[in-house]
Amino acid sequence: MKKYFCSVLLLLLLFSASSCKKFLLVEPIERLSGNIYWKSQADVEAFVNDLYARFWLKISGAAYTSAAGELRAGEIRPSIGGSYNSNDANRRRAYDFFGVNDLRTAIDPTRAWNTSTGANQMNIVSMTRWTEFYQVIQGANLMYYQVDKGVPGVSNEQAAAYKAEAIYIRCLTYFFMVRLFGDVAYYTNAFQAEPLGREGFVGVLNKCIAELQAGKNDLPLRYDDAVFRGVRATRGAAAALLMNMNMWNAAFDEGNKSKYYEQTAALGEEIISSNVYQLVNINDISRVMLGKSEEGIIEFKESVDAGGTYNKFAFAAEMLVAFPEKAQAEGTYSHAYYRSTYLEKIFADQTDKRRSLWFTNMLRNDGIFSLKKFAGPVSPKNFPDWAIILCRYADVILMRAEALAELEQDEQAINMLNMVRRRAQAQDYDITENLKDAIFTERSKELIGEGIHYYDLVRTKRILDGAWTSAPLTAAQFNSGGWTWPISESALNRNPFMTLNTYWQ
Amino acid sequence: MTSYLTIRIFCLLAALLPVAIVQAQTQPLVKVQGVVTNRGNDEVMPGVTVRLLGPNAKDIATTDSKGRYTVTVPVNSKLRFSFVGTTTFEVEVRKAEDALNVRLEDKPGGLDEIVIRGYQKTTRDKDAGSSITISGKELQDVPVSSVEALMQGKVPGLNIQVNTGAPGYRGSVLMRGLSNIDVVGGSSDEDAFLTPTSPLYVIDGIPVDADAPGESGYQTPGPGVSPLSLIAPEDILSIEVLKDAQATSLYGSRGAYGVILITTRQGRATIPKVRYSGNFFMNTPPKLRPTLGGKAERDFKIAQILKYGSWDDINNRLPNTPNLSDSLSAYYNNSTNWQDVFYGPTYNHRHNLAIEGGSNEFNYKANLTYYDEKGIVANTGFKSYALNMNMTYKPNSKLSVFSILKGSLGKKNKGNGLGLLQTGIARNANASSLLPPPSLYTSNQDIIGALEVENDNSSRNLQASFKLDYNLLKGLYLSSTVSYDTWIGTEDAFTPAAAFGQFAKVFAYNDSKYTVYNRNSISFNRTIRKAHEYSISAFNEIYLKGDQAYAAEQRQLPSDKYIGPIGYNGDYLQSRGGGLLKYNKSRAVSFAGAFNYNYKRKYVLNLTYRADASSFSGNENPYSLNPSAGVKWNMERENFMKKLTFIDYLALRATWGKSIAPTGNVFAVYGTYEPYGFYNGQQRIGIQYDAIPNPDLGAATSTSYNGGLDGSVLNGAVTFNFDIYYRKMERQVKRLDLPDMIGFNYVASNQVSLINYGYEGRVTVRMLPRNSKVQWNLSVNGAINKDILTRLPGGVNQIVFGSTVFHVGRNSLSNYLFKTLGVFATDADVPVNPVTGLKLRNGSGSNAFFQAGDPWFEDVDGDYVITDKDRQVLGNSQPLMFGGFSTSLGYKTWGLLITGSYTYKRDIINAALSSRLRMAGNPFGQQAVLPVDDLSYWKGAGDIARYPDPINYTRSGVVNPFRNNQSLFQEDGSYLKINTIILSYAFNKQQLKRLGINGLRLSATAYNVAIFSPYSGPNAENVTDLGYDRSDGYPVPRTYSIGVNVDL
């Protein structure tokens, strides 16, 4: 009797132990938990898309390209006063404060441009906030971690490519932040929850360069699906980002600058010889600005046709175009214009097609000025359906030219410079020109309105020279961080190691 | 063999002897039989000695296994019934009786007291755990909506604060101090509360969640009726509170905050019994605040403006403030007592009817209860109807079937507030007395809202359970319990158009919850050679739980007459439509085992082990493990103690227990993913950047040690229990907010550690001899508890949450305040920064320099600017010591019972006072003015005053003199409360017999009688968990009750 009973009991216990795990598995239907994600390639794809989207949302949610990349150079004035005023004059006064490097006023929450709501919100204050950048970084770190652990249905080759893409997204974010804030907190491990202090940005970029260099060749050369052209990581995009990071460090790590220039030159050569990209016809340049062209390398694009929405202030072009480049609902006149003295200076070559094709009323200094470079079919959002272009082929060619000139390989540098000039049907390089200055001016011309000029000024230290900018900084201002952005005070919360940019305190 | 024979002969002689004597005396013999039961739990008592008294006194019988006895004794002889650990009972026999049934009472805290450990009954002398038993009788005669409130001050170590007077709501319950430092909710300090850590309640062997469905903290969505509110105190046989890890370990991780076992009555009487009890009670609001009325208010405000106002205030704003300048306007020419509109006494009643009966083979009980309480705040109240039935069927000595069926309905009326807080009412009660009283034409929206919102909240519960016991072999028992518990809660609230911007709205909510529970156990016990007694038991538990909640709101109904249909989208911008608020499903499995051994009941060893797994904890390491061990030494059974006859019993015990529980859930460990739409035409799914996944989230461990001493001397005249405990909680989970550079909002970090230690004791004294005509018992208990925070996440030393600071090395919850050094008597007293020549000022950016009449805050960092950095750790919101006392007096059938509770050394922020001072400084607002004459405040240059100048209203925006977070408003919140005074009288049973009634008892009760405290505010208990005395909380009423109990 006892024996029989014991064996029944034993059986019961065994049964309950084995079925226990199954019994305890309750799949939550209202939420998706991490342990049932990362089960297929589609999961990884959806996650990558989310990372790009978050980066896009951050940089398109505020006036990064215009305020940070163009306005601070001081060459743009709002169309207020004079004959053709912007219909949005009050808010556009902010531009003048950027132009004299008075960012404190620009981010003053009580000013008209910061109190607007809805579509008129310029979100300048949000540019000082770090959280969203680090969301992208955490996401990239997490993606690397998960793919590294292995995802069913993802081959080794694909896994390597995804890991390289995660590194690429992370490096792109760090680079973007370094250009804005200088020193940043750097980490690459997933689930970082311990607070960290800021780290010298040269070192940060060097780490980024090292890891991206290592992963670059795992990335695809190009995507078969044209939908991903320019907007997803490729070998070319990684190389272009590496060039950008090298050029930035060359300016701040002078002792090692030739190393950076050599790398830039080599990477530029790699991109050019890959034959993936090409300079489009000068008449079609506005097509490049819409994104996904043969010339685009690092782009963010949320097509209106695909249901995307964006803040119009995301694009520097928004303030620089007049009707018919934008819908009349946005006002007939442009909100800002380039100083005519500046344009006269850089576009001295009258044969340059960019003079005639890219501008309307180029030297008017008022609201009928328009930067036709950004023309295009006007979408339901009242503007052409632009992309945010962080790097394109012409930029790469000129960066290589700059690096070669610094390395005193003038002949090759001139070749590069002429590639860009010839596309604009401008005159070839003339031996009387100072080569380095000519390359810089060429970048100013070619990339005008694309949110790159101010970074070039900082990088080449020309920001210190009144001959090159209407808003020069003194060496003391520059050295104490006058070229950076203020960081939101919220960054100090719960982080004893954090410091803000002293220049703005 | 020979000895066997001798015994038989001896017995025969013994049996014949009384007969011989009786015959010699020629007294007629009568046969008397009956059943002896325990008065406390109505269970039959085997082994009770029946003794014949008188000249030939001797033991003549003992009761059999069913408690039955039969004796044949001479008429008019006296019998005494006695049993170890119970009182004795004497009766005179006058005639033959078939049912001379006797009920014996447990002596308090006796060694033979029945205790329950892991669903198994045992006796106290065989168990080393720490627990306190309260008999159901101690909970009678007081009409409260939740029985929990009656346990206040009765159990050392169980800190119950009845900090709300809202009918149907629970106060705060903490077992042995703080076990979780999580503070949640609240944009301001007053709204913050501790994460509830309620003990686990086990009612008749079925574990129950004491929190109502959907309940979390103060702001309760839905009807939220706690299951404890649906148990009638009359139906409770006993409550046992388990305190240490050894006692609670068999209840697993859910028992981490203590376990409270409630046993309801069962039918035992052979004759069916009907008991009725009813209470009629009146709730009265506490003393309301004196307020300046009518002209006094207007004059006060005008004088204030004329004295301190700017040119613009006097010449521009004052003439344009009609309630001040236009005293002739009928609209503003009032003196309305707003508090009277909202607060008032209420008359309520409660009824309970119990029917029970049966025999040992079959018995039944049905308890029907009705409770109706209207709150002292207008438009609030709680009503409940509950039926609790159980029955036992024992077809033979091996099988027993016990089943319970419970059904109840609770209805709560929340008024306009969300429940515990009546912020709307408080705002209205503060309205200027110049405004007209509510009437058809002149009411404002808030007032109609508070008084006329129709609120129908009900919570329905149905529980069925079934327990089967089978005695398979000698000493081997099998048992299986199944229960199903379901709750349905609905809330319908209708707000008339006048109360909501001229458009009526309707809100509908419904939730449901179910629990399926199964427990199977096997136990075996045996005694070897009458010395070694051991038992082994094992059981498993399975839970299936689910709950969901929906809500819908519709605004802009066509009129007040058309309520609904809900779902139609009249105003698409504001209507909320409907939606799922909550959806949860979970499962849990547990295995537990226990081994108990004792040697001659002198040396006791208890070992237990339990493992719990739940579907929340992920699949990798789901089990939480709870081992425990305990030893006990029953000293009085030692030979060397035998001579010390004045000692009834004396026992030393020591226990150790540990709980290792996986923390967090799959979401905390792996993160939550969510689709976020599309980018570039492609699907996006990303992680939620809210809680960062924490794969290192390990197990939280809690280790506790308990030592205790129990004893009783002088035949129960003095009984006492003392406990000392130490508990170390490591790796507790705490939400840690993260810096910007992490990208996520917070992490569920498990790096919080704290220790608790304390002492508890209870002494009960029988003040007069047992046979005295007057019986007087006195019982006092207390607990000292200290907690120390030993670790915070991220290795930081302190975390500030509002005005609370978590600081390593200190008590876990400290107040973080500005230290008020006094009030500046003159302008010259304001310190001047010797470097800049600037006076002390408030805030970094402004020109807010302090002046005479302003508070002097200590400038901790020495920068002559008062900022948040100048706050310091001052005070502790958790009490150091708490406990209670009770004294009962009995004379014949009169009884007087007084109980009380106390809390010692606790800091309270008197936010009621600060708001009163603030209200005096707002002349242009439409708020009442509370007189401040009784306070020592600064009136003119040179005044040495306690409080800053409230009259100069221009200072409030500049230096905020009456901020809550300053030491000026921190006061000692110690208190001594008289909880209940009960006077009762029972009518003579003989006289009642003629009326066909077995018993009639009347009682008069006063509840929440008085509170004695150095605290200057209204009620030192009616404050939040974190010690904020909110003036808009729900005041605790004083209750007067008349009760009647009838036994048929």
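Residues are numbered from 1 along each chain as written, and chains are lettered from A in the order written. In this predicted model local features need pLDDT of at least 70 and side-chain atom pairs count only at pLDDT 80 or more, while totals for chains, interfaces and linings use all residues.

**Exercise 1.** Describe the largest cavity by its volume and its lining.

Solution. 
1. A cavity is a set of points, on a 1 Å grid over the protein atoms alone, where a 1.4 Å probe fits but cannot get out; lining residues have an atom within 4 Å of a point.
2. Volume is the space filled by probe spheres set on the points, which are joined across faces, edges and corners. For the largest cavity this is about 290 Å³.
3. The lining holds 27 residues, and among those nearest the centre are B:Val144, B:Ser145 and B:Val162.
4. Strands (DSSP runs of E, at least two residues, numbered from the N terminus) that each supply at least two lining residues include β19 (273–284) and β53 (999–1012) of chain B.

**Exercise 2.** Characterise the interface of chain B and chain A.

Solution. 
1. With contact taken as heavy atoms within 4.5 Å, chain B contributes 52 residues and chain A 59.
2. Buried area is the accessible area (1.4 Å probe) lost on putting two parts together, summed over both. Here about 4900 Å² is buried, 65% of it on carbon and sulfur atoms.
3. A salt bridge needs a side-chain nitrogen of Lys or Arg within 4 Å of a carboxyl oxygen of Asp or Glu. The count is one: B:Arg684 with A:Asp50, closest N and O atoms 2.8 Å apart.

Conventions
Heavy atoms only, no water. 1 Å grid on protein atoms, 1.4 Å probe; cavity = no way out; pocket = protein on both sides within 12 Å on 5 of 7 lines; lining within 4 Å. Helix = DSSP H or I, 4+ residues; strand = E, 2+ residues; numbered from the N terminus.
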